[in-house]
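Subject: Structure for you to look at

Hello,

Here is the structure I promised to pass on. Please open it and keep it beside you while you read my notes below.

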Amino acid sequence: MSDIGRAVVRVPKEVKKGEVATIRLVIIHPMETGLRKDPKTGQTIPAHYINRVEFYFNDKLFSRINNTPGISQNPYFAINFKPTESGTLKIVYEDNKGGKWEQSVQITVA
């Protein structure tokens, strides 16, 4: 499971001033609820899920998603935002076991 935390981020590299940009994000993560049992051992599989996703533009937080365990494996998120200037989009996400990751992408406002 070395891919846990890897993310695929899709945003337009250039946005016209005043237009809305869509951020699309898929995070590679098992997203275990803590309710499922291992079919071989019968033991409960411990909860392991992304519990927070934060979106920053030029180091200013503009959106936060707080998750619960009931989200599918490799969750997909899409949010809209309207950048007013060129800058760096940073996405920070963490799971309930202390894993923390971040991705950054440059966006140009024309």
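Start with Ile 23. Leaving out neighbours within four places in sequence, Ile 23 is in contact with Arg 10, Val 11, Phe 55, Phe 62, Phe 77, Ala 78, Ile 79, Phe 81, Leu 89 and Ile 91. Contact here means heavy atoms within 4.5 Å.

Two notes on the source. This is a predicted model, where local features need pLDDT of at least 70 and side-chain atom pairs count only at pLDDT 80 or more, while totals for chains, interfaces and linings use all residues. Residues are numbered from 1 along each chain as its sequence is written, and side-chain values use heavy atoms, with hydrogens and water left out.

The core

Ile 23 belongs to the largest nonpolar core, which has 22 residues. Such a core is a set of buried Ala, Val, Leu, Ile, Met, Phe, Trp, Tyr and Cys residues joined through side-chain atoms within 4.5 Å. Buried means under 20% relative accessible area; exposed means over 50%; partly exposed lies in between (1.4 Å probe, protein chains only). Which members touch the most other members? They are Ile 23, Leu 25, Ile 27, Val 53, Phe 55 and Ile 91. The elements giving two or more residues to this core are strand 1 (7-10), strand 3 (21-27), strand 4 (50-57), strand 6 (76-81) and strand 7 (87-95). Strands are DSSP runs (E, at least two residues), numbered from the N terminus.

Aromatic rings

The whole structure holds 4 aromatic pairs. Rings of Phe, Tyr and Trp (its six-membered ring) pair if their centres lie within 6.5 Å; planes under 30 degrees apart count as stacked, over 60 as edge-to-face and the rest as tilted. Take Phe 62 and Phe 81. Their ring centres are 4.9 Å apart and their planes are at 20°, so the pair is stacked. Phe 62 is in strand 5 and Phe 81 in strand 6, so this pair links distant parts of the chain, 19 residues apart. Phe 62 is partly exposed at 32% relative accessible area. Phe 81 is buried at 8%.

Tyr 93 and Trp 101 are stacked too, because their ring centres are 5.8 Å apart and their planes are at 25°. Tyr 93 is buried, at 0% relative accessibility. Trp 101 is partly exposed, at 23%. There is also one aromatic cluster, formed by Phe 55, Phe 57, Phe 62 and Phe 81.

Charged side chains

Side chains of opposite charge can pair when their charged atoms come close. The count of salt bridges is 5. The rule asks for a side-chain nitrogen of Lys or Arg within 4 Å of a carboxyl oxygen of Asp or Glu.

Asp 3 and Arg 6 form one of them, at 3.9 Å from N to O. Asp 3 is partly exposed at 39%, and Arg 6 is partly exposed at 42%.

Glu 54 and Arg 64 form another, with the closest N and O atoms 2.8 Å apart. Glu 54 lies in strand 4 and Arg 64 in strand 5 (residues 60-66), so the pair ties together parts that are 10 residues apart in sequence. Buried or exposed? Glu 54 is buried, with a relative accessible area of 10%. Arg 64 is partly exposed, at 43%. Arg 52, Glu 54 and Arg 64 are linked in a network of salt bridges.

Lys 90 forms a salt bridge with Asp 59, at 3.9 Å between the closest N and O atoms. Lys 90 is in strand 7, and Asp 59 is in the loop between strand 4 and strand 5, 31 residues apart. Asp 59 is exposed at 65%, whereas Lys 90 is partly exposed at 21%. Lys 90 also lies over the face of Tyr 56, at 5.3 Å from the ring centre. A charge sits over a ring if NZ of Lys or CZ of Arg is within 6 Å of the ring centre and within 35 degrees of the ring normal.

Last stop: a loop residue

Find His 48 in the loop between strand 3 and strand 4. His 48 is buried, at 14% relative accessible area. Its side chain makes a polar contact with the side chain of Asp 95, at 2.9 Å. A polar contact is a pair of N or O atoms within 3.5 Å; within protein, one must be able to donate a hydrogen and the other to accept it, and residues adjacent in sequence count only if both atoms are side-chain atoms.

Best wishes

Methods
Helix = DSSP H or I, 4+ residues; strand = E, 2+ residues; numbered from the N terminus.
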